[in-house]
Amino acid sequence: MAEILLPPNSRFIKGEKIDASDGAKRKKTFKIYRWSPDTKDAKGNVKNPRFDEVTIDLDKCGPMVLDALLYIKNNIDPTLTLRRSCREGICGSCAMNIDGTNTLACTKAIDDVNGDVQVSPLPHMPVVKDLVPDLNHVYAQYTTIEPWLKTDSPAPSRERLQSADDADILNGHDGHGPAACILCFCCSTSCPSYWWNADRFLGPAILLQAYRWIADSRDDATGERLDALEDPFRLYRCHTIMNCTNTCPKGLNPAKAIAEIKKMMVARQ
Amino acid sequence: MTDTSQTKVPRPLSPHLSIYNLPLTALMSITHRMTGAVLALGTLLWAAFLISAASGEEYYKMVMYAASSHMGRIILLLWSAALYFHMCNGIRHMIWDTGKFLEKDKAMRTNYVVILVAVIMTAVTWVCAYLK
Ligand code: SF4
Ligand code: SF4
Ligand code: FES
């Protein structure tokens, strides 16, 4: 059920304040979520999470929030832990909550945030360390939708072809179709329904992927895929709150994909 | 030494509601649920009214007196506003279920339409009520 408050081991203790701006003209303070299983108090108990405030000279680092985090990691505190790889918004690793909204640290400009920049891991997820959430559960949910092409016909000697219009359904005319999803999980972890029901609700990222296969003209398992979603929780916990679409850093529309699945459910009855 | 096998330390849950900057669509969704609850309660009041009307003039007068007091009017005003909001937003949900207006900008714009229409309908109702 909905637990509005964080569990006792997840509430914040007072963090540190580090000013490394050294009289800089352009400075900015980052409030960064920190937690490590290795940070213990005198009695040997693991300490609760905290927000550290680090002030840096913006002239010394690149323009994006990821640049600032890496600057802090390289120059101030090497224990700061986060995921990143491509630094250009295509791998989905650096997804986190910045200034109250889930997005990719590498494509979020520091200047877009007024005042201090608060950074925390993707919401309502178990934290492995600092900004790294445990994604095992979402990946397990991803496998349940069997994200691969299923066909009845024998394999042809070359690719299975598809008309340009059919391909458009996957790619979107503007390139913002479900096939453009990078599985960063910004959307799922922005969804209040997913927060409260992640054990049974698949969440927007996975449902968008489910739609990607349902809508694929080359896939023959549409009925089977819809059957698998016919469940009061897996699909129907979506109440069109629209957080997912509002937050997707790639400009995709999971809420609409979910509505399309719901429509197909009605249409086939 | 760090135990790398499987941390035995229970993992904390990352902050959610307390840090999330909820967009208007999310606030509308919460309001939709709250107005739904308010309307359910309001239905009880409505039932009380009907029962009193059926059980004699004296009770009817008592309820009418309560309803026309300041407090009664405020409750009725809120109830009617909740009713219109829930109705307008409910219609939007029905349109959404057909797959329309789900784009980010359109969903945002229809927020304002829902609020505006609900306010206008409430205002018109009360102006009519007072003009009579
Ligand atoms: S739909 Fe957008 S926010 Fe969700 S996982 Fe895909 S890219 Fe990320
Ligand atoms: S539209 Fe559905 S999936 Fe998206 S945030 Fe809302 S409830 Fe979650
Ligand atoms: S580092 Fe790859 S998406 Fe940000």
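## Close-up views of a two-chain predicted model

**View 1. The shell around ligand 1.** The residues of this shell divide into 13 nonpolar, no polar and one charged. Here Ala, Val, Leu, Ile, Met, Phe, Trp, Tyr, Cys and Pro count as nonpolar, Asp, Glu, Lys and Arg as charged, and the others, Gly among them, as polar. You are looking at a predicted model, in which local features need pLDDT of at least 70, side-chain atom pairs count only at pLDDT 80 or more, and totals for chains, interfaces and linings use all residues. Residues are numbered from 1 along each chain as its sequence is written, while chains are lettered from A and ligands numbered from 1 in the order in which they are written. Around ligand 1 there are 14 residues, and the closest are A:Cys181, A:Cys184, A:Cys187, A:Ala205 and A:Cys248. A residue belongs to such a shell if its C-beta atom, placed from the backbone, lies within 6 Å of the ligand. H5(A) gives the most to this shell, with three residues. Helices (H or I, at least four residues) and strands (E, at least two) are DSSP runs, numbered from the N terminus.

**View 2. The shell around ligand 2.** This ligand has 14 residues around it, of which A:Cys191, A:Pro204, A:Cys238, A:Ile241 and A:Cys244 come nearest. By class, there are 10 nonpolar, four polar and no charged residues. Helices H4 (192-197), H7 (243-247) and H8 (254-267) of chain A each supply at least two residues, and the largest share, three residues, comes from H8(A).

View 3. A:Pro204 sits in helix H5 (residues 203-214) of chain A. A:Pro204 is buried, with 32 other C-beta atoms within 10 Å; the term buried applies to a residue with 20 or more such atoms within 10 Å of its own C-beta atom, exposed to one with 12 or fewer, and partly exposed to anything in between, with C-beta atoms placed from the backbone. Not counting residues up to four places away in sequence, A:Pro204 touches A:Cys187, A:Ser188, A:Cys191, A:Cys244, A:Pro254, A:Ala255 and A:Ile258. Contact means that the C-beta atoms of two residues, placed from the backbone, lie within 7 Å. Although A:Pro204 and A:Ala255 are 51 residues apart along the chain, their C-alpha atoms are separated by 6.9 Å.

**View 4. The largest nonpolar core.** A nonpolar core is a set of buried Ala, Val, Leu, Ile, Met, Phe, Trp, Tyr and Cys residues joined through C-beta atoms within 7 Å. The largest one has 64 residues, and A:Val65, A:Ala105, A:Val119, A:Leu207 and A:Ala210 touch the most other members. H5(A) gives the most to this core, with eight residues. At least three residues come from each of domain 1 (8-133) and domain 2 (136-267) of chain A, with the bounds taken from an automatic or database domain assignment. Leaving aside neighbours within four places in sequence, A:Ala210 is in contact with A:Ile145, A:Arg225, A:Leu229 and A:Ile261.

**View 5. Where the two domains of chain A meet.** The C-alpha centres of domain 1 and domain 2 of chain A lie 31 Å apart. Their contact takes 14 residues from domain 1 and 10 residues from domain 2. On the domain 1 side, the largest share, four residues, comes from strand E5 (residues 101-104) of chain A. By class, that side has seven nonpolar, seven polar and no charged residues.

**View 6. Where chain A meets chain B.** The contact takes 41 residues from chain A and 26 residues from chain B. H8(A) gives the most to the chain A side, with six residues. By class, the chain A side has 21 nonpolar, 14 polar and six charged residues.

**View 7. Two helices of chain B.** Helix H1 (residues 24-54) and helix H2 (residues 57-68) of chain B pack at an angle of about 145°, with their axes 6 Å apart. The axes are lines fitted to C-alpha atoms, for helices over the stretch in contact, and angles run from 0 to 180 degrees between N-to-C directions. From H1(B), B:Ala48, B:Phe49, B:Ser52 and B:Ala53 meet B:Tyr59, B:Tyr60, B:Met62 and B:Val63 of H2(B). These contact residues divide into seven nonpolar, one polar and no charged.
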